[in-house]
Amino acid sequence: MNPTAKLGDIAHGRSGDKGNHANVGIIAYTREGYAFLERELTAGRVKAFFAALEPASVERFSLPGIAAFNFLLKDVLGGGAAGSLRTDSQGKVLATALLEMELPAPQNLAAMLPAGEEPVQESPA
Amino acid sequence: MKASIRIGNGAGFWGDNLDAPIRLAEEGRLDVLTLEYLAELTLSILAHQRRKDPGAGFVPDFPETLARLVPILRSQPGLRIVTNAGGLNPLGCARECSRVLSKAGHPDMRVAWASGDDILPRLDILKAGGETFRHFDSGESPDPIRSRLVCANAYLGARSIAEALGQEARIVITGRVADASLTVGPAMHAFGWAWDDWDRLAAASVAGHLIECGAQVTGGLLSRWKSVPDYDRIGYPIAEIDPDGGVVITKPEGTGGRVGIETVSGQLVYEIGDPASYHTPDVTVDFTRVELEDLGSDRVAVRGARGRPPPDTLKVSCAYADGFSARGDLVVCGTDAAAKARAAGNIILDRLRAAGAAPEAHNVEILGQGSNFPGSAVDPAGLREVVLRVSVRDPDRRKVERFCRELSPLVTSGPPGITGYAGGRPLVRPVLSYWPTSVHRDRIQSALGVTVADHLAEDCDNAFFEALELRR
């Protein structure tokens, strides 16, 4: 099996809410990471990752100035801060969750890590 | 004209650190201290309070915080405070603050309050004039919920704030405004930019967006959290804005936390939709070309925000009564903790059904198994301790009350290894659901009152004040 990397190895993130929608911002640590995520971190992949929450749609936007993507997940909060019966009614942990996503490890993983971090290799399964 | 101004935000929401405003004002060398108290649903909580007491409806924490800030207002005569603590009753908040100031020996201090955002009393007039108040996403008509609305507030912009500062107010109290307005208003007042200077408005709006959540930009919530020093003393953020619209985000020296590319970029993407079209009442901002430069010493320059005219509608947030809910927890331990917890959850629901009290909606979470952590693959068989959390919602309060009594029996009549009931019976809460909509800005009129504290502190009808009407 090919080695994988976690999204959180090459990016950081933050999530928030607007009514019943949530946004998940993912910021690549480096430009190399941003280029890699442009190909690999698609709206479809993010929608599949959050399938259990049944988002009505997932749309991806780019913020090239800060090497980031913003994912807008519609109707994903079970009613939002108001009526939702979920503990995470405001989507506070969605970014933390998404950063656990496994991606196929790129050849130049070392160039995508934040400064001062040793590369962490997943052992082949 | 000043070279630049320093605006510090000491509160990101009602419930934020109580000491942060005081420490920031003491250490921040600020021109303006902002305090941001209103999340999406805060007004519905205040509406609930106002129903019980017509004099309520503002955030009571603010006058208390103001009392603690008085010595700093005295020793820093240029310092102003701008806050949306007015909530649903900006005048009531201004009165209470005036009493605090008068009592503390400052009857001459000028206090301003801005209103016009509360459109609940005017809904029928506005509807007769052609406003539909359809749901922002679904387009549904509000007619089914009209009678249950508890609040309806338009997001106003920065004009009243800028005007109030121009009228020498040291304390400016608003109701619902766009969060960034608390920063844009002071910038507009300091530099006299035109209200169609879109790029400078955009720059100030981005500055406001970055500091509006307090410590979220100074290390709070950072993914690489181990790189953040001294969370316990985390510094609250300051936006330094210059007359050209240059923005630097920083924090007071010697405080915990840090300001860097990661902390600022994390906050930049917080609670945004399409980054090319971030709408505020005063400008629509394009974030996509924003760039950050780390200047060292916890200073980050923010450049590249572009602005264009805002839409001709203002965002409106409403809340309506939508039943009742309650939530209860039990701790479940043992080799089959997760399975036992699920079984216990089913027992509760079965007993409710048998009692004729099955709720319209329920949710069972097994905390420890990843119920709130999508994408995780925790093997429940390995768990030895979990929290069973059951939540219900129903229009009938009695069904929810019955649910609240179904947890304690499990302590003797269910599976073994259950504990943690000492916290007591869950409480029934009213559900106030969110209704986002919009209104044409030319139907909305804001009003501003400014006077000295001892005029407002008196509860007399002939208190003199200068009232200015500002068309949106």
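## The interface between the chains

Let's start where the two chains meet: 48 residues of chain B are in contact with 42 residues of chain A. Keep in mind that this is a predicted model. Together, chain B and chain A bury about 3,400 Å², with 58% of that area on carbon and sulfur atoms.

Polar pairing is present here too, with 20 residue pairs in polar contact across the interface of chain B and chain A, both residues at pLDDT 80 or more. Several elements of chain B give two or more residues to the side that touches chain A, among them strands S11 (291–296), S14 (313–333) and S18 (429–440). The largest share, 6 residues, comes from H9(B). By type, the residues on this side of chain B divide into 19 nonpolar, 16 polar and 13 charged. Even so, the count of salt bridges between chain B and chain A is 0.

## Salt bridges in the structure

Over all chains, the structure holds 26 salt bridges. One of them joins B:Asp19 to B:Arg68, with the closest N and O atoms 2.8 Å apart. B:Asp19 sits in the loop between strand S1 and helix H1 of chain B, while B:Arg68 is in helix H3, 49 residues apart.

B:Asp322 and B:Arg148 also meet in a salt bridge, at 3.5 Å from N to O. Because B:Asp322 lies in strand S14 of chain B and B:Arg148 in the loop between helix H5 and strand S5, the pair ties together parts 174 residues apart in sequence. Both are partly exposed, B:Asp322 at 27% relative accessibility and B:Arg148 at 33%.

How values were computed: Residues numbered from 1 in each chain as written. Chains lettered and ligands numbered in written order. Predicted model: local features only at pLDDT ≥ 70, side-chain atom pairs only at ≥ 80, totals over all residues. Heavy atoms only, no water. Contact = heavy atoms within 4.5 Å. Buried area = accessible area lost by both parts, 1.4 Å probe. Salt bridge = Lys/Arg side-chain N within 4 Å of Asp/Glu carboxyl O. Polar contact = N/O pair within 3.5 Å; in protein donor to acceptor, adjacent residues only side chain to side chain. Helix = DSSP H or I, 4+ residues; strand = E, 2+ residues; numbered from the N terminus. Nonpolar A, V, L, I, M, F, W, Y, C, P; charged D, E, K, R; others polar. Buried < 20%, exposed > 50% of the residue type's maximum accessible area, 1.4 Å probe, protein only.
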